[in-house]
Amino acid sequence: MSYAMQLLIHRGDFCHGHTLIPLALRSLLRTLSSGPRVSHSLRESYQLLQLELPDEGESSPAQVKEAYLRMAKLYHPDSGAATADEVLFARVEEAYRAVLAHQSRLQSCGGSMEDEEEKVKGVAPQHRHYLSYEGVGSGTPSQRERQYRQFRVDRAVEQVLDYRQKEHETAAAAEGALVERDVRQRSRQIKVTQAVERLVEDLIQESMSRGDFRNLSGAGKPINKFEHNPYADPMTHNLNRILIDNGYQPPWIVTQRDIREDIAQIRERLLQGRARLVDPMNPREHAQWQQLCGVVADDLMKLNKTVDNFNLIAPMLTMQMVHFSLEREIDRAEKAAIQGRQERKRERVREWEEQRREREREREKRNQHSWQGGLLAWMQNLLK
């Protein structure tokens, strides 16, 4: 380095010397870095990529990339070649990174780090980006890509279902009053609908009694339940007809019916158990009630698992159910028990009033008979 400085000083042009000093330092550092400072592992990396060693010559980034792609075609596990070897391919990747890092260090002595990073990014291979797929799939890269896309779709659907189920459960737990109000509104709508249906049925029966439907072409013939559908496959049409004739029901309908029957039995058991206990309960009755609630809690846990299975096979999201809560069922049973006791109390009061009125009527009848008998006896005495 001192020799280079002497050469620059002997020229006697310090203005040009300021420009030539970085150039001399760059060439000197490149010579020093490519000489004795090359490690043994770096030499093995150059030899593995079949490139010239740093002390024998300089390889361009394009040559390094071409050598890496050539070796990747030979040893890549998904290449299908006879020389495919996962271990050797991993060593080739490490060698490629080491050579790139070495060349970037050489070039960074004369340029900015940002330009060198852009150059390294420009020569970085991009063919490995699609080979991960989170470990999903098998086969060729195109098959793994299709399998990964389907996996992402299934995962997104499961996340949407879980989110909506949690939203339903949160709304049902936080707004019990709104749920009860909705139940009352639905019951009112059902009553109105049933009233309209009864009215329509009465009008139909009245029209049939008058003979208004006797002029129809299909009068007296059974209704064809399986009309031909031009858009349906004949095989599917026949299979559906056979299943319906044999009483087949879809699994989600059977599961929904089982859930309704089970929750009705659980509620009836809670209501009967609470109705047998007085209010307030003594310690023995309180222990009996706690034991019954524990049994019902186990039944509700099993029922909620059935609800989860039903939500997975329900054809529409609006038909899905929320979990049944033990607290809500206990509250429902206590309210029903209180209402039942009040109804029985009012019934006893009505019976007592009816008995009292019956006794008064009998007393009036006896008084009337006794008055008539006394009057008759007085008249007989008078006639005598």
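Axes are lines fitted to C-alpha atoms, for helices over the stretch in contact, and angles run from 0 to 180 degrees between N-to-C directions. Helices are DSSP runs (H or I, at least four residues) numbered from the N terminus. The model is predicted, with local features needing pLDDT of at least 70 and side-chain atom pairs counted only at pLDDT 80 or more, while totals for chains, interfaces and linings use all residues. Residues are numbered from 1 along each chain as its sequence is written, and side-chain values use heavy atoms, without hydrogens and water.

Helix α11 (residues 283-313) and helix α12 (residues 326-383) have axes that come within 10 Å and cross at roughly 130°. That makes α11 oblique to α12 (under 35 degrees is roughly parallel, over 145 roughly antiparallel, 65 to 115 roughly perpendicular, and the rest oblique). In the contact (heavy atoms within 4.5 Å), W289, C293, V296, A297 and L300 of α11 meet L326, E329, I330 and E334 of α12. These residues comprise seven nonpolar, no polar and two charged (Ala, Val, Leu, Ile, Met, Phe, Trp, Tyr, Cys and Pro count as nonpolar, Asp, Glu, Lys and Arg as charged, and the others, Gly among them, as polar).

The axes of helix α10 (residues 251-275) and α12 come within 9 Å and cross at roughly 50°. The two helices α10 and α12 are therefore oblique to each other. The residues of the contact of α10 with α12 comprise eight nonpolar, no polar and six charged.

The loop between α11 and α12 contains V322.
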